[in-house]
Amino acid sequence: TVTKHFTQHRLCEVDEDEAARMFEKACKMRKSGGGVERACHNAALMVLANKGTAIGAPPAPPADTTEQEAADKTKKQPLTKKQVQMAIERLGYGCDAQFAPSCFRLGTLLLTEGKYKDAIKPLTHGCDLGNPRACQNLAVLYNKGGGEGWQKVQPNAEQFDTFRRKTEDLMKENHMRA
């Protein structure tokens with residue numbers, strides 16, 4: 001699928017399938033080193049956005065469809081279990097490589113999937129790496145609790161306060177850098 005985006009006040013075309021293939025190829029090179037955590041992160045984001053048929057997104061509607069049919073077919077479709085697992089795996093690669101945004105996204109995705117206990121590790125790692133949104137998600141989790149069965153996390157006032165303060169500190173720090 002080719003989409004048009006404005007970049008620095010000019011129109012440029014983006015081949016989403018090719019971009020997805022390139023991110024995926026670079027992510028698979030992670031075993032050889034070389035800072036591919038962003039490629040894994042971007043591959044996961046493309047999966048989550050249903051972009052790039054090369055890595056599991058649904059194909060674009062045929063050219064002969066009407067505008068309304070195309071709009072209906074390109075509406076955000078629910079992700080399949082395979083797509084969610086692909087995104088979790090790729091975000092995990094990014095998080096393992098110390099890329100804080102991947103840790104945040106992974107933890108958040110796990111929360112949306114109801115995997116509350118599984119979300120704690122990547123969110124904590126992202127928080128430790130300086131991502132205030134990861135800290136904030138942990139603060140909310142420990143304030144409210146959530147989950148069911150073995151994924152249940154009980155509210156914990158001490159943990160809530162720890163992550164609330166860390167969120168505030170990181171937000172102040174980031175504000176000072178801006």
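User: How many salt bridges does a search of the whole structure find?

Analyst: The model is predicted. A pair counts when a side-chain nitrogen of Lys or Arg lies within 4 Å of a carboxyl oxygen of Asp or Glu. Over the whole structure, the number of salt bridges found is seven.

User: Which helices hold Asp 128 and Lys 166?

Analyst: The side chains of Asp 128 and Lys 166 form a salt bridge, with N to O at 3.3 Å. This pair links distant parts of the chain, 38 residues apart. Asp 128 belongs to helix 6 (residues 116-128) and Lys 166 to helix 8 (residues 157-177).

User: Is Asp 128 buried or exposed?

Analyst: The cut-off for exposed is over 50% relative accessible area. Asp 128 has 53% relative accessibility, whereas Lys 166, at 29%, is partly exposed. Asp 128 therefore counts as exposed.

User: What separates Arg 165 and Asp 161 along helix 8?

Analyst: Arg 165 and Asp 161 form a salt bridge, and their closest N and O atoms are 2.8 Å apart. Arg 165 is partly exposed at 40%, and Asp 161 is partly exposed at 25%. Because the two are four residues apart in helix 8, the separation is about one helical turn.

User: Which residues are linked with Arg 165 in a network of salt bridges?

Analyst: Glu 168 and Arg 164 meet in a salt bridge of 3.1 Å, N to O. Both lie in helix 8, four residues apart. Arg 165 also bridges to Asp 161. The network links Arg 165 with Asp 161, Arg 164 and Glu 168.

Notes: Residues numbered from 1 in each chain as written. Predicted model: local features only at pLDDT ≥ 70, side-chain atom pairs only at ≥ 80, totals over all residues. Heavy atoms only, no water. Buried < 20%, exposed > 50% of the residue type's maximum accessible area, 1.4 Å probe, protein only.
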